[in-house]
Amino acid sequence: MPRRPIDITIPDLTGKRALVTGASDGMGLVMATRLAAAGAEVVIPVRNAAKGEKALAAIRGDVPTARISLRDLDLSSLPSVTALSETLLGEDQPFHIMINNAGVMTPPERRTTADGFELQLGTNHLGHFALVARILPLLRAGQARVTSQVSVAARRGAINWEDPNWEQSYDGMKAYSQSKIAVGLFGLELDRRSRAGGWGITSNLSHPGVAPTNLLAARPEIGRTNDTLAVRMIRWLSARGILLGTPETAALPALLAATSPDAVGGRMYGPSGPGQLGGAPAEQPLYRPLAGAEDAARLWEISEGLTRTALPTS
């Protein structure tokens, strides 16, 4: 049975500048392509330059008029985040859209970032937190919409407040869930602080449902040498249009959240199909672990300390 087409209308983004992390493949590449097709200038920070060049060629093949460029970034390294931030601040061009999409998921064994953080917390949350903090002047200048990508894994679990780096008893899936809860709490707290301080930034959340991406595929850089059984099953279901999305449809919630005039701050957007696994994007209720403003404020303070950054209070 053919899959029913799912899509959204992206408004004209001519004159807008966007930054998308994790855009060298998968749904991030779809996001960057769609933003470029709508007229935005798109900046793609990448860890792997060869993959980045391949992504640029793919985007330009689809959108010959694309205004798109690469920058260097390894989110698992705070010095790399600082270096990119200094580059962008030196360019002194406002950002109007930022999609925090990059991430890693469940390395087979506990791994740490260059700064000693548990890999998933450090890459998925702390790297993005530090990047937003350091380029905040550019986001404020552009009255930016910041969309942070969470996951269905954030439905349950909690922040391991006593051991956020999972040094005592590592559980890869719980650590992944924590990292995505942290992303969500940060995105919501960013919106609260922007409104309280008059920063002019709108911050919301998206989640892609479930689709075949490289999160659970072979990734030697995190110690996974073969595709997981889970990603093979996801590919099989997705190809047959059973419950799950595709990279193209999984990109839509973030694009809706980041560009739609109807999308607002402090909300979450995701697939509207059964279990929020696939389907057309729409606003969704916040997951319970994301609902606590006190947890968000506590995490913000911890993140400032770990990343050695301090965002303004007004």
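This is a predicted model: local features need pLDDT of at least 70, side-chain atom pairs count only at pLDDT 80 or more; totals for chains, interfaces and linings use all residues.
**First stop: α1 and α2**

Start by selecting residues 26-37, which form helix α1, and residues 49-62, which form helix α2. Turn the view until you can follow both axes: they come within 10 Å and cross at roughly 40°. That angle makes α1 oblique to α2. The crossing here is right-handed.

Now show side chains where the two helices touch. On α1, pick Leu29, Ala32, Thr33 and Ala36. Facing them from α2 are Ala55, Ile59 and Asp62.

**Second stop: α4 and α6**

Next, hide that pair and select residues 119-134 for helix α4, together with residues 172-197 for helix α6. Their axes come within 7 Å, with a crossing angle of roughly 15°. Angles under 35 degrees count as roughly parallel, so α4 and α6 are described as roughly parallel to each other. What is the handedness of the crossing of α4 and α6? It is left-handed.

Which residues make the contact? From α4, display Gln120, Leu121, Asn124, His125, Phe129 and Val132.

Key
Residues are numbered from 1 along each chain as its sequence is written. Side-chain values use heavy atoms; hydrogens and water are left out. Axes are lines fitted to C-alpha atoms, for helices over the stretch in contact, and angles run from 0 to 180 degrees between N-to-C directions. Helices (H or I, at least four residues) and strands (E, at least two) are DSSP runs, numbered from the N terminus. Angles under 35 degrees count as roughly parallel, over 145 as roughly antiparallel, 65 to 115 as roughly perpendicular and the rest as oblique. A crossing is left-handed if the near helix is turned anticlockwise from the far one by less than a right angle, and right-handed if clockwise. Contact means heavy atoms within 4.5 Å.
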